[in-house]
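Trainee: I would like to go through the terms used for this model and see what each one rests on.

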Amino acid sequence: MQLGKAVRRAVLWQALATLVIAAASGWFAGLHGVISAVLGGAICMLAGVASAWLAARSKMGSAGEALYGVLRAEGARVFLMLGLLLL
């Protein structure tokens with residue numbers, strides 16, 4: 001899977017933000033706070049990458065097709081986030 005430069009940059013910033021928040025969570029809540037922050041950040045990053053991949057794969061011949069592709073990708077993102085949270 002080839003990610004675009006913008007997606008890679010967004011994932012990098014999300015990873016950095018996750019690490020900062022995990023460190024702060026560790027200060028306030030200990031090891032469980034760190035684990036929770038890292039897992040939450042990982043879920044967000046994974047769902048975002050999956051959504052970007054689905055949107056990029058969509059057929060974008062017309063505005064309707066583009067909208068359908070983006071909405072399908074966003075739906076998959078929400079479904080994946082909820083599934084990973086339940087896991």
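The questions below set values against definitions.

Mentor: This is a predicted model, where local features need pLDDT of at least 70, side-chain atom pairs count only at pLDDT 80 or more, and totals for chains, interfaces and linings use all residues. Residues are numbered from 1 along each chain as its sequence is written, and side-chain values use heavy atoms, with hydrogens and water left out.

Trainee: How many helices and strands does the chain have?

Mentor: The chain has three helices and zero strands, in the order α-α-α from the N terminus. Helices (H or I, at least four residues) and strands (E, at least two) are DSSP runs, numbered from the N terminus.

Trainee: Why is Ser51 called buried?

Mentor: Buried means under 20% relative accessible area, exposed over 50%, partly exposed in between (1.4 Å probe, protein chains only). Ser51 has 10% relative accessibility, so Ser51 counts as buried. Of the 87 residues of the chain, 18% count as buried.

Trainee: Where is Ser51 found, and which residues does Ser51 touch, not counting those up to four places away in sequence?

Mentor: Ser51 lies in helix H2 (residues 31-57). With that exclusion, Ser51 touches Ala73, Glu74 and Arg77, where contact means heavy atoms within 4.5 Å.
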